[in-house]
Amino acid sequence: MTKVVNYITEAFGELKNNVTWPEWAEVQRLTIVVAVFSVIFALATWGVDVIFAKALAGFFNLIKG
C-alpha cells in the first residue's frame, strides 16, 4: 500500500512542478476548435451514411424489380 501512496504523491508532484500548463485563453480557443471540427466530422459522417443508404436501397430495388 505504501508503494501506491508513494506513486500518487510523486504523480501529483510531477503535475505540479514539471508540467507546463496552457493559458486559459488557449484552452478555450482549442476547445472551440475541437468542438467545431467534431461537429463538421459528425455531419460528414452522417452525409456519407445517407448517401450509402440511398445507394444500397436503389441497388436492392434494382435487383428486386
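How many helices and how many strands are there in the chain? I went through it and got two helices and zero strands. Helices are DSSP runs of H or I, at least four residues, and strands are runs of E, at least two, numbered from the N terminus.

Ground rules, before I forget. This is a predicted model, where local features need pLDDT of at least 70 and side-chain atom pairs count only at pLDDT 80 or more, while totals for chains, interfaces and linings use all residues. Residues are numbered from 1 along each chain as its sequence is written, and side-chain values use heavy atoms, with hydrogens and water left out.

**Overall form**

I looked up the radius of gyration, taken over C-alpha atoms, and the chain has 25 Å. A compact globule of 65 residues would be near 11 Å, by the rule of 2.2 Å times the number of residues to the power 0.38. Along the principal axes, I noted a C-alpha box of roughly 70 × 35 × 10 Å.

Next I checked burial: buried is under 20% relative accessible area, exposed over 50%, partly exposed in between, with a 1.4 Å probe and protein chains only. Of the 65 residues, 0% count as buried. The chain exposes about 6,300 Å², and carbon and sulfur atoms supply 73% of that. Those areas come from the Shrake-Rupley method with a 1.4 Å probe; for residues, only the protein chains shown count as cover.

Helix α1 covers residues 2-17, and T2 sits in it. I have T2 down as exposed because its relative accessibility is 65%. From T2 to T20 I read 28 Å, C-alpha to C-alpha, for 18 residues of sequence.

Which residues make the nonpolar surface patch of about 1,000 Å²? My list reads M1, V4, V5, Y7, I8, F12, L15, V19 and W21. Patch members need over 30% relative accessible area and no salt bridge; nonpolar side chains (Val, Leu, Ile, Met, Phe, Trp, Tyr) are joined within 5 Å, like charges within 9 Å. A salt bridge here is a side-chain nitrogen of Lys or Arg within 4 Å of a carboxyl oxygen of Asp or Glu.

W21, from that patch, lies in the loop between α1 and α2 (24-64) and is exposed at 55%. I found a polar atom of its side chain 3.2 Å from the backbone oxygen of L15.

**Aromatics**

I counted one aromatic pair. F59 and F60 form it, edge-to-face, at 5.6 Å centre to centre and 65° between the planes. The rule: ring centres of Phe, Tyr and Trp (its six-membered ring) within 6.5 Å, with planes under 30 degrees apart stacked, over 60 edge-to-face and the rest tilted. F59 is partly exposed at 44%, while F60 counts as exposed at 51%.

Key. Polar contact = N/O pair within 3.5 Å; in protein donor to acceptor, adjacent residues only side chain to side chain.
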